[in-house]
Amino acid sequence: MRRLAASLLLAIAAASCGNDPYPDADASARILYVPFQEPPKTLDPQVAYSVYDHEILSNVYETLLEYHYLKRPYQLIPGLALEVPKPRALAGGRVAYRFELRRGVRFASDACFAFDGDGATQRELVASDVAFGLMRIADPKVGSPVIETFARIAGLRAFGERLAKLRESEAGFAALRIDEQYARAGPVEGLRIPDPHALEVVLDAPYPQILYWFAMPFTAPVPWEAVAWYDGREGRDAFAEVAVGTGPFRLARYDKRSRIALERNPDWYGSRHPEWEAPAATYPSEGATGDAERGLLSAAGRPLPFLDRVELRLEKEQIPAFTKFLQGYYDRSRIPKESFDQAVREGGLSPAMASLGMRLERSVQPAVYYLGFNMIDPVVGRPAGERGRKLRQAMSLAIDAGEFLRVFVNGRGIPAQSPIPPGIFGYDDDYRNPYRLPDLERARRLLAEAGYPGGVDPESGAPLHLSFDTGDTSVQGRLRYQFFIDAWQRLGLDVQLAATTYNQFQSKVRNGAYQIFFWGWVADYPDPENFLFLLAAEMSQTHSGGPNTANFADPDYDALFRQIKDRENDARRLEGIRAMREILERERPWIELFHPEDYALVHAWLHGMKPSGLAVPVWKYQDVDPALRAAERSAWNRPVRWPAYALAGALIAFALPGFRSWRRERQ
Amino acid sequence: VARWLLRRTAWGAATVLGVLLFLFLLFFVYAKPQDVARRALGEKAPPEVIAQWLANHGYDKPAFWNPAHPLDTMLADHYRRMLTFDFGKSDADDVPIAKRLRHGVGPSLSLTVPLFLLGLPLALALALGVAFFRDSYIDRVGVVACVLAMSVSMLIYILAGQYLIGRLLRWFPISGFDPDPSVIARFVALPLLVGLLAGVGSEVRFYRAVFVEETGRDYVRTARAKGAGDGRVMARHVLPNAAIPILTNAVMEIPFLFTGAILLESFFGIPGLGSITVDAINANDFATLRVMVYLGALLFVAGQIATDVAYTLADPRVRLE
């Protein structure tokens, strides 16, 4: 009994520590606290392709170009380059871009630079580091997922092939230092280094979108010393587990199973030379409409970064993460489905949350989700001619995307009218697709015109049988697809769900043996080409393995696509995009569903937060007010102690009579 | 004694070798390394990348028999690696498994050791108390409470603990972990409390039964007849005599302190060895999973031998032969 009391006392003593998950010493520091749901798969910038990878990478590594933090549509600004280069036409249809690198940029100091024996732990960034990163994309051992895009650089693919051959045929080659291997297999024709601070990139054919890729971590300069040193041998980490970049932050701690921390990089050029007022090292003075009202311009012109540290904690489950956000221990949070009604009322912040000083940040992502028809299918596709077209139009009219959003994602999204999402050139806020308003009457008429009156196939006398193919066998997936199937059933159509394993679905897609599917696309870069190419014939999934899963092939569309794809954003391009939109409107290879919308809750003490759907270095623009945060945290987290005392009292009251009667018996 | 120890160890070794064979059949023959590669690299990985991955992990060798080099097979590699504790890299992200285990031991022990050191005395004290007041209302209510506590699932304790203590009462962080000495106690407190509550019911009931049985023995009557007080009888006579079942229960737990508490660690976000197992299952990381099962088998065998040895220490009548 005495022990029980002692342990209870211990618990009460411990309770007085409170629920603050962070060391007290950090309470007044400029630290941003954010949860992460999944650790990065890799920190190798040439390999990383997931949101989780890029969230860390884009703040530690830097790229030659970056996106303007506030402006929408997205706009490129110089990063490590002094300016955004203009294309220069060369003979034979080739195009060259000359990047002038900022001088005096240094890599964050790291043990790997002591490699050459002179004892220095850092060095300056030079053009060959950029070239080295690009050459890694072609190195088969690296396994970069974007070699197809960068194979447009003259000779890059051939370099990778030479490298592989040398490794195989020449004894001892594979054991050479990585920079020596690349030097022996090089040079790459399309990567010229006229002086140590300039890089000329030559493409075999015009591809203006290449500039967007120079704002993605794939093109981040990488020091060869880091790749050579961090080889995962003799107790050294693997290169995918470290980060040696030039960025505003450096990796202070990388414990993927619980905690990742970034700290301000004292060697960052922006921190050493605020007087340069470099575009990527200064808070912007202009933004999109509404940014000034939202306080996003209050730091205009100030040198970046503001934060001293970014602390990320693993939170696999959303509910505990959200609870900690409500307690003030995370500075921003996504909203779990279960808590959505608690946080959001009619698209705005609920009064309860607003009274805590929070803000709701909504932003539509550069992505589109859609239902697609397999256009080479004899019933729903192009072979069915006018009948097929009217069937697709009717089915499109039956789907209410707004209802879908309300039922499945708490309305977090806007119904899509065309493949192009907001924030991308060619998006038209006023455009309403006449086949994307739910209209069952018109749908039934079209269905009758298609020769399926009341949804009945005259050949069999039974409702027209179609299959909805998916590689998602989860319960949630089934519920979602049932929504569409029910909608088509109202027209009398008999659509069956064919849910198989992902591999089986993939092989069905390869063989063209599917009819209707659900799919989504998230922008790699903010250009309409990155969406409209999803329906270009050359990208056909079944014929060429490309992302045109609908196998849409329309000569007019393709001709227009060729016109717009390499153009500047001018009136002619807009005209072409409109014409393509009209073709899609009529032909209906897709039933456009929605562009997802991100809802983030932000505490009053976090400033400069603007959501972005792309891999953008965001933390250098953000700031916190630690004093306000500390005050709110202590106000929100006073422990409730009386239940501990009550419990202890109840236990004693329970045991006391027994103890008394034992004493009595003894006497 | 030496011969007994030798024989026990030989049996234990045979068990572990059998577990290894079973692991091999399960993870190399039934689940093919090709499938693991596909999961690790994604659907879009070209065949060359998959072949490279298999080669890097040593999964491109023949499974059982290699005519050219009889020992260069996956089976031989599997045994060699496990028996020399050279665990290699994770299938999911290529992190060395030994490194991951090293990082996981600390967090696991910082929860399981206090859980064991507080849990055992707490259960013994409560059981002694309940047995002492046997047939009174304290005993009856105590037993009912124990049965109730046993019947509730661990998950309920965890979720209720997080909600009540973490969220409503705000005593401790609802989850998370940080080895920093200034905050580690806050993170361990709630899982510790939950673990104690969830475990104490069955243990108290078990120890109570042991104690009640002992208090009915002749030597207790003799002790009382000689004038020993109630407290002295319980502490000096009943407790040592009940040592064998207590040891069986407790010594067996010690090796498993190292493997961590799977549920508590996963739900409270403690990056220990228990959640490594769960993460490995979720990520199809068979290399790590094999190591965890192998270590579990080793510790189980070690625990059994330790229990037998402990018997002789507690009871001179027991001999190892």
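How exposed is Arg98(A), in terms of relative accessible area? In this predicted model, Arg98(A) comes out as partly exposed, at a relative accessible area of 35%. Its salt-bridge partner is Glu100(A), with the closest N and O atoms 2.5 Å apart. Glu100(A) is partly exposed too, and its relative accessible area is 27%. Side chains of opposite charge can pair when their charged atoms come close.

Take Glu148(A) and Arg157(A), for instance, which form a salt bridge with a closest N–O distance of 3.4 Å. Glu148(A) counts as exposed, at 56% relative accessibility, because the cut-off for that label is over 50%. Arg157(A), at 36%, is partly exposed. Elsewhere in chain A, salt bridges with shared partners tie seven residues into one network: Glu386(A), Arg389(A), Lys390(A), Arg392(A), Glu449(A), Arg586(A) and Glu587(A).

Now for the rings. Over all chains, the search turns up 55 aromatic pairs. One of them is Tyr67(A) with Tyr212(A), a stacked pair with 6.4 Å between the centres and 20° between the planes. These two tyrosines come from distant parts of the chain, 145 residues apart: Tyr67(A) belongs to strand 2 (residues 65–67) of chain A, and Tyr212(A) to helix 7 (residues 210–213) of chain A. Tyr67(A) and Tyr212(A) are both buried. Tyr514(A) and Phe517(A) make an edge-to-face pair, because their planes stand at 65°, with the ring centres 5.7 Å apart. Both Tyr514(A) and Phe517(A) are buried.

Ring pairs also build up into a cluster, made of Tyr369(A), Phe404(A), Phe408(A), Phe468(A), Tyr481(A), Phe483(A), Phe484(A), Trp488(A), Phe518(A) and Phe594(A). Arg236(A) has its charged end over the ring of Trp229(A), 4.7 Å from the ring centre, and the charged end of Arg442(A) sits over the ring of Tyr435(A), at 4.8 Å from its centre.

That leaves the place where the two chains meet. Here 49 residues of chain A are in contact with 42 residues of chain B. Between them, chain B and chain A bury about 3900 Å², and carbon and sulfur atoms give 57% of that area. On the chain B side, the residues that lose the most area to chain A are Arg170(B), Trp171(B) and Arg186(B), which together make up 19% of what that side buries.

Six salt bridges cross the interface of chain B and chain A. In one salt bridge between the chains, Lys99(B) pairs with Asp237(A), with the closest N and O atoms 2.6 Å apart. Polar contacts link 15 residue pairs between chain B and chain A, counting pairs with both residues at pLDDT 80 or more. The elements of chain B that give two or more residues to this side are helix 5 (97–132), helix 6 (137–151), helix 7 (154–168), helix 8 (184–215) and helix 14 (273–282). Helix 5 of chain B provides the largest share of the side touching chain A, with seven residues.

How values were computed. Residues numbered from 1 in each chain as written. Chains lettered and ligands numbered in written order. Predicted model: local features only at pLDDT ≥ 70, side-chain atom pairs only at ≥ 80, totals over all residues. Heavy atoms only, no water. Salt bridge = Lys/Arg side-chain N within 4 Å of Asp/Glu carboxyl O. Buried < 20%, exposed > 50% of the residue type's maximum accessible area, 1.4 Å probe, protein only. Phe/Tyr/Trp six-rings, centres within 6.5 Å; stacked < 30°, edge-to-face > 60°. Helix = DSSP H or I, 4+ residues; strand = E, 2+ residues; numbered from the N terminus. Lys NZ or Arg CZ within 6 Å of the ring centre and 35° of its normal. Contact = heavy atoms within 4.5 Å. Buried area = accessible area lost by both parts, 1.4 Å probe. Polar contact = N/O pair within 3.5 Å; in protein donor to acceptor, adjacent residues only side chain to side chain.
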